[in-house]
Amino acid sequence: MRALDRKLLRDVWHMRGMALAISLVLVGGVSTFVMARVTFESLTFTQARYYADQRFAEVFASLVRAPESVAGQLVELPGVNRMETRVVAPVNLEVTGFDDPVTGKIVSLPESGEPRLNVPYLRQGRLPAPRAEEEVAISEDFAEAHELGPGDRIVAIIKGRRKQLDIVGVALSPEYMYAIPPGAIFPDYERYGILWMNRKALATAYDMDGAFNDVSFTLQRGASARGLIDRVDNVLERYGGLGAYEREDQFSHRFITEELRGLQTMATIFPVIFLGVAAFLLNVVIGRLVATEREQIGTLKAFGYSTRQVGWHYTKLVLVVIVLGLLAGIAVGLWFARGLGGIYQVFYSFPYLHFRIDPAVLLQAVGVTLVAGLAGTAFAVRRAAALPPAEGMRPEPPPVYRATILERLGLQQRLAEPSRMIVRHIARKPLKAGLTVLGIAAAGGILMMTNFQRDAISWMVGVQYGLSSREDLTVIFTEPTSRRALYSLESLPGVSHAEGFRSVAARLVHGHRSYRTSVDGIEPGGELHRVLDTSLQPVPIPPVGVVLTEYLAEEILHIAPGDTLVIEVLEGARPVLHATVVSTTREYLGVNAYMSREALNDLMREGPAISGARLAVDAALEQGIYDRLGEMPRVAGTVIRDTSIEQFNEMMEETILYFSFITALLGGFIAFGVVYNSARIALSERGRELASLRVLGFTRGEVAYILLGEIGLLTLLSIPLGFVFGAALSGYLALSFSSDLYRIPLIIEPSTYALAAAIVLVSFVLSGLLIARKLAALDLVEVLKTRE
């Protein structure tokens, strides 16, 4: 073994504690990068395979009713590769042993038994046999929520007719990976299910014999989806077409796409911070090592070692630390990725997960880590390599001491001697102290950012379900109904108040920008559902004009109050309306357009119709209300506010907060790594000085106070800076996640500040205990030996 290699091993062993601490920080950066990227690649690949295997459609359209003969026109449209018509019907369900209202959707299967598009992925049993009238397959999430399977029975109420159905299979579909009940915001697998049924049987029960109300397409290679949508809309307009849309606007697909986008964002932000801190630590540690070994370096060069050999020696030392962090980081990242991928698989109903480790991702991790680590130490290594032998063999010149500002002001008299030493040492090396403060502040900022998501989610729930949606129950009708239906609901025992609303599917257009959503007509002055302004105060609904969600107005349509909005209605006679934007409202979930219900009814040239109602109910009488609603054929869905909150919290706990927990754990590694290395370096630098103090009569406690007091003071100074850093990172994260599906508010609770500060302080205490132990074992005679 060459002499430099033996020295390398000795150096690594000597600085094993610091190397391990730096490796922990590298593990944080590498593992978050690998976890996010591998999960993203695996989900993207799985999604593509799933879509291809199940022949997921590329263009969708719903309508009121069209004769099957129209299918001949649709399949001949330019750009169509495959086309399939279906019957899709809302349904009320009765599940034995479950008292809450359960609704769902039944999708028809062709008589041949093999769909051309949107093929269900069969998990158990089989699909309904051709011409079987009482057989269904049910969605897997719904089956698991009620422990149903092949051989069980379920009661469906289709257009007021009760029908006993035999469950013959359990299936999944790319179309309903994120199935949301009408009027709800989140999936509720206990109260909403998807069923597949033979078309003939469903069409008979739903009065749709010889007709269809849903159609989907795939495109020929190179065909334009936009062009096909226009042609489909022209054909279906006379049959009550609700506007065709492409896959990118299909809700389930869009939600997963946004989730994957969030993963990409996380795969960028966290590794950058972690690796940046690791590069800083490497720079400090290697820089200090070079300073303490200047005499050894001078001797090596005097004995004939070249500049290149000395530089390569220290580069290898850096590489040892980087490789340790890389190997551990990749292993931990893959482990986390498998866990996170499993959560996504369950949450988004993927039938399988192709856990895909792309070598390019691992190469990116290696490349980024090497660049960060080597760039962070390049200056220190260059300084070691360029050191002339004669200069290196001389002791380092003593620092030039000048009176600090504190001393010039005469304030040192107010401090005891040990405290004065602490302040004096910090004041005389402001750059080193500043970098230490910066490193610890970065750790605190990461800890704040990871916990901020919990605060933001709690705030979103509070605003959405505490201030805005205050109803206990939302009832959705199968089709617009006379407002007189409200009186029937109000007459139910236990219903104390009811407010109707009209919801109209529409495309909002401003200039060349457009967005497909719904216009909600609500009761002015309503108490159960309020729209809020940016100060979270209720916005009065004007008698004319429209109120838009702030994100929809500013980020999507680029429209301001006073401008005219074009509303292309996608149902009924499909009128084109013009309305003035009156104001904007702040919402964190989805985007909407609001009008007075009466004004919307007038624009639609219809009577006082409503699409549903929001109810305030007596909790003690809820069950009776559920039973009565289940008997109403016009009720397509029921959303219970408390279960929505429960579903929301479960969703957050299983996805975002899992990621937050991991990054918070790794943030703790950073905090410990920075504090421990700072203390360990200070001990190396000041070992001789501290030993001298011991010989002069200072106690162990006083010496420990001088060393750890400096780190403690820097740690305290870093905490407020970490708060600023954390707030900035949280703001960037909130901005990155903003979409039309949801926006994360920048809300940071005092508990988050306190938790970040507490973890940093605990890191200091742990590091202090380790350093104090080394300090107690300091060999005074060995340390005090002069180098000359």
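**Figure 1. Overview of the predicted chain.** Contact means heavy atoms within 4.5 Å, and residues 24 or more positions apart account for 82% of the contacts in the chain that have a separation of 6 or more. The model is predicted, so local features need pLDDT of at least 70 and side-chain atom pairs count only at pLDDT 80 or more, whereas totals for chains, interfaces and linings use all residues. Residues are numbered from 1 along each chain as its sequence is written, and side-chain values use heavy atoms, with hydrogens and water left out. The chain contains 23 helices and 20 strands, which are DSSP runs numbered from the N terminus (H or I with at least four residues for helices, E with at least two for strands). Taken along the principal axes, the C-alpha atoms fill a box of roughly 105 × 55 × 55 Å. Of the 788 residues, 56% count as buried, where buried means under 20% relative accessible area, exposed over 50%, and partly exposed in between (1.4 Å probe, protein chains only). The accessible surface comes to about 33,400 Å², and carbon and sulfur atoms contribute 57% of that area, as computed by the Shrake-Rupley method with a 1.4 Å probe.

**Figure 2. The packing of helix 1 against helix 9.** Two packed helices are described by the angle between their axes and the distance between the axes. Helix 1 (residues 3-14) and helix 9 (residues 307-347) pack at an angle of about 40° with their axes 10 Å apart, the axes being lines fitted to C-alpha atoms over the stretch in contact and the angles running from 0 to 180 degrees between N-to-C directions. The crossing of helix 1 and helix 9 is right-handed, a term for a near helix turned clockwise from the far one by less than a right angle, with anticlockwise giving left-handed. On the side of helix 1 the residues that take part are Leu-4, Asp-5, Lys-7, Leu-8, Asp-11 and Val-12, which meet Gln-309, His-313, Tyr-314, Lys-316, Leu-317 and Val-320 in helix 9. These residues of the contact divide into 6 nonpolar, 2 polar and 4 charged, where Ala, Val, Leu, Ile, Met, Phe, Trp, Tyr, Cys and Pro count as nonpolar, Asp, Glu, Lys and Arg as charged, and the others, Gly among them, as polar.

**Figure 3. The aromatic pair of Tyr-50 and Tyr-121.** The structure holds 17 aromatic pairs, a pair being two rings of Phe, Tyr or Trp (its six-membered ring) with centres within 6.5 Å, called stacked if the planes are under 30 degrees apart, edge-to-face if over 60, and tilted otherwise. Tyr-50 and Tyr-121 form an edge-to-face pair, at 6.5 Å centre to centre and with 80° between the planes. Because Tyr-50 lies in helix 2 (residues 16-53) and Tyr-121 in strand 5 (residues 121-125), the pair ties together parts that are 71 residues apart in sequence. Tyr-50 is buried, with a relative accessible area of 0%, whereas Tyr-121 is partly exposed at 23%.

**Figure 4. The pair of Phe-255 and Tyr-348, and the aromatic cluster that includes both residues.** The ring centres of Phe-255 and Tyr-348 are 6.4 Å apart and the planes stand at 45°, so the pair is tilted. Phe-255 lies in helix 7 (residues 251-292) and Tyr-348 in the loop between helix 9 and helix 10 (359-385), so parts that are 93 residues apart in sequence are tied together by the pair. Phe-255 is buried at a relative accessible area of 5%, and Tyr-348 counts as buried at 2%. The one cluster is formed by Tyr-178, Phe-251, Phe-255, Tyr-344, Phe-347 and Tyr-348.

Figure 5. Glu-147 is exposed, with a relative accessible area of 73%, while Asp-207 counts as partly exposed at 37%.

Figure 6. Gly-722 is found in helix 21 (residues 700-737) and counts as buried at 2% relative accessibility. The C-alpha atoms of Gly-722 and Trp-196, which are 526 residues apart along the chain, are separated by 54 Å.
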